[in-house]
Amino acid sequence: MKEKTFVITGASSGIGEALALHYAARGENLVLAARSKEDLERVAKDCEKAGGKAIAVPTDVGDPEACRALVDAAMDKFGSIDVFINNAGISMRAMFRDITDLTLFERVMKINYLGSVYCTHYALPHLIASKGLLVAVSSLTGKTGVPSRTGYAASKHAMQGFFDSLRIELMEIGVDVLVASPGFVDSGIRTRALGI
């Protein structure tokens with residue numbers, strides 16, 4: 001079997017880094033995306049040491065053109081995309097009654113929901129060609145509300161609805177869609193949560 005090509009957003013830490021290292025140990029091709037070039041390059045080196053082939057592509061998933069460039073880099077380097085993992089995300093932690101800056105909601109929605117939409121839009125033709133797998137790393141918070149997570153829960157609910165609907169659309173085409181909804185994970189995302 002040929003190595004598969006995995007694109008992983010949010011690959012510079014937490015769940016994304018763990019996934020990258022897991023697939024690297026299997027000898028897969030990895031396209032790693034996140035905003036931090038330095039952290040991405042560290043993860044890419046660790047993936048190479050683990051047995052995979054990896055490239056680091058600094059990407060802000062909130063920018064549609066950056067998402068297009070990420071997909072282009074994957075195709076230029078490896079010629080196909082077999083699995084696209086939408087893992088990039090930011091958190092928000094504040095009681096709604098205490099929030100004074102409503103732009104926090106736009107920022108969370110742009111990364112957690114629209115970032116996945118943008119990346120998926122550009123990756124989809126290549127996933128259709130490879131009969132690949134589209135993955136969305138959501139959250140249990142995408143299934144039920146949680147106090148102090150109004151913006152985060154809303155963004156993950158949107159993500160869940162988008163990928164559940166897309167799964168039905170793609171069923172006859174041969175592209176699988178998987179939504180993973182982890183509970184609380186010690187990934188560091190909470191330490192960087194947007195606040196009041």
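A search of the whole structure finds 6 salt bridges, a salt bridge being a side-chain nitrogen of Lys or Arg within 4 Å of a carboxyl oxygen of Asp or Glu. This is a predicted model, in which local features need pLDDT of at least 70 and side-chain atom pairs count only at pLDDT 80 or more, while totals for chains, interfaces and linings use all residues. Residues are numbered from 1 along each chain as its sequence is written, and side-chain values use heavy atoms, with hydrogens and water left out.

| Salt bridge | N to O distance |
|---|---|
| K53 and E3 | 3.8 Å |
| R42 and E17 | 2.9 Å |
| R42 and D46 | 3.9 Å |

The bridge between K53 and E3 links distant parts of the chain: K53 lies in strand β3 (residues 53-58) and E3 in the segment before β1 (5-9), 50 residues apart. Helices (H or I, at least four residues) and strands (E, at least two) are DSSP runs, numbered from the N terminus. K53 is partly exposed at 40% relative accessible area, and E3 is partly exposed at 35%. Here buried means under 20% relative accessible area, exposed over 50%, and partly exposed in between (1.4 Å probe, protein chains only).

E17, R42 and D46 are linked in a network of salt bridges. R42 bridges to E17, which connects helix α2 (residues 37-50) with helix α1 (residues 14-25) across 25 residues. R42 and D46 are 4 residues apart in helix α2 and therefore separated by about one helical turn. E17 is buried at 16% relative accessibility, whereas R42 is partly exposed at 35% and D46 is partly exposed at 26%.
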